[in-house]
Amino acid sequence: MSDFDRHPLTLYYFPLRARGEAIRLILHYGGIDFNDVIISMEDWKGIKQQGNLAPFGQLPCLGLPDGSIIAQTGAIARYVGKLAKVYPENPLAAARADMVFEFA
């Protein structure tokens, strides 16, 4: 049993679709179990001041089973895309996938 089987990923985002939605879609499509933690704007003020969740002071962030955090939408989407085995291994195909992602 891997760490991902015992301790799923945790996506932290606001009560909106926006930047978190592509990440959620990839996780669902890949059948990857995750906790979807919705942070209200009111709660975000205190969480942001603590500085331990969002390294750049922005959401979304993805919590990993080992306690580390990945920030920035594109980095998270590529990471979960690789976990879901939907991110291309070929560099040109990966660049094209990134291109479409960045456009959207």
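Student: Where is Lys 85 found?
Tutor: In this predicted model, Lys 85 is found in the loop between H4 and H5.

Student: What is the phi of Lys 85?
Tutor: Lys 85 has a positive phi of about 60°, although this residue is not a glycine.

Student: Is Lys 85 buried or exposed?
Tutor: Lys 85 has a relative accessibility of 74%. The cut-off for exposed is over 50%, so Lys 85 counts as exposed.

Student: Is the crossing of H4 and H5 left-handed or right-handed?
Tutor: H4 and H5 cross in a right-handed sense.

Student: Changing topic, what is the volume of the largest pocket?
Tutor: The volume of the largest pocket is about 320 Å³.

Student: How many residues line the largest pocket, and which lie nearest its centre?
Tutor: The lining has 16 residues, and Ala 22, Ile 26, Ala 77, Ala 97 and Phe 101 lie nearest the centre of the largest pocket.

Student: How does that lining divide by class?
Tutor: The lining of the largest pocket has 11 nonpolar, 2 polar and 3 charged residues.

Student: What about cavities: how many are there of 30 Å³ or more?
Tutor: The count is 1 cavity of 30 Å³ or more. The largest cavity has a volume of about 40 Å³.

Student: Which residues line the largest cavity?
Tutor: The lining consists of Arg 19, Gln 58, Leu 59, Pro 60, Gln 72 and Thr 73. By class, these are 2 nonpolar, 3 polar and 1 charged.

Student: What kind of peptide bond joins Leu 59 and Pro 60?
Tutor: A cis peptide bond joins them, with omega at about 10°. Pro 60 lies in the loop between helix H3 (41–50) and strand S3 (61–63).

Student: And Gln 72, where is that found?
Tutor: Gln 72 is in the loop between strand S4 (69–71) and H4. Gln 72 has a positive phi of about 80° although it is not a glycine, and its relative accessible area of 33% makes this residue partly exposed.

Conventions: Residues are numbered from 1 along each chain as its sequence is written. This is a predicted model: local features need pLDDT of at least 70, side-chain atom pairs count only at pLDDT 80 or more; totals for chains, interfaces and linings use all residues. Side-chain values use heavy atoms; hydrogens and water are left out. On a 1 Å grid over the protein atoms alone, a cavity is a set of points where a 1.4 Å probe fits but cannot get out, and a pocket is an open set with protein on both sides within 12 Å along at least five of seven lines; lining residues have an atom within 4 Å of a point. Grid points are joined across faces, edges and corners, and a volume is the space filled by probe spheres set on the points. Ala, Val, Leu, Ile, Met, Phe, Trp, Tyr, Cys and Pro count as nonpolar, Asp, Glu, Lys and Arg as charged, and the others, Gly among them, as polar. Helices (H or I, at least four residues) and strands (E, at least two) are DSSP runs, numbered from the N terminus. Buried means under 20% relative accessible area, exposed over 50%, partly exposed in between (1.4 Å probe, protein chains only). A crossing is left-handed if the near helix is turned anticlockwise from the far one by less than a right angle, and right-handed if clockwise.
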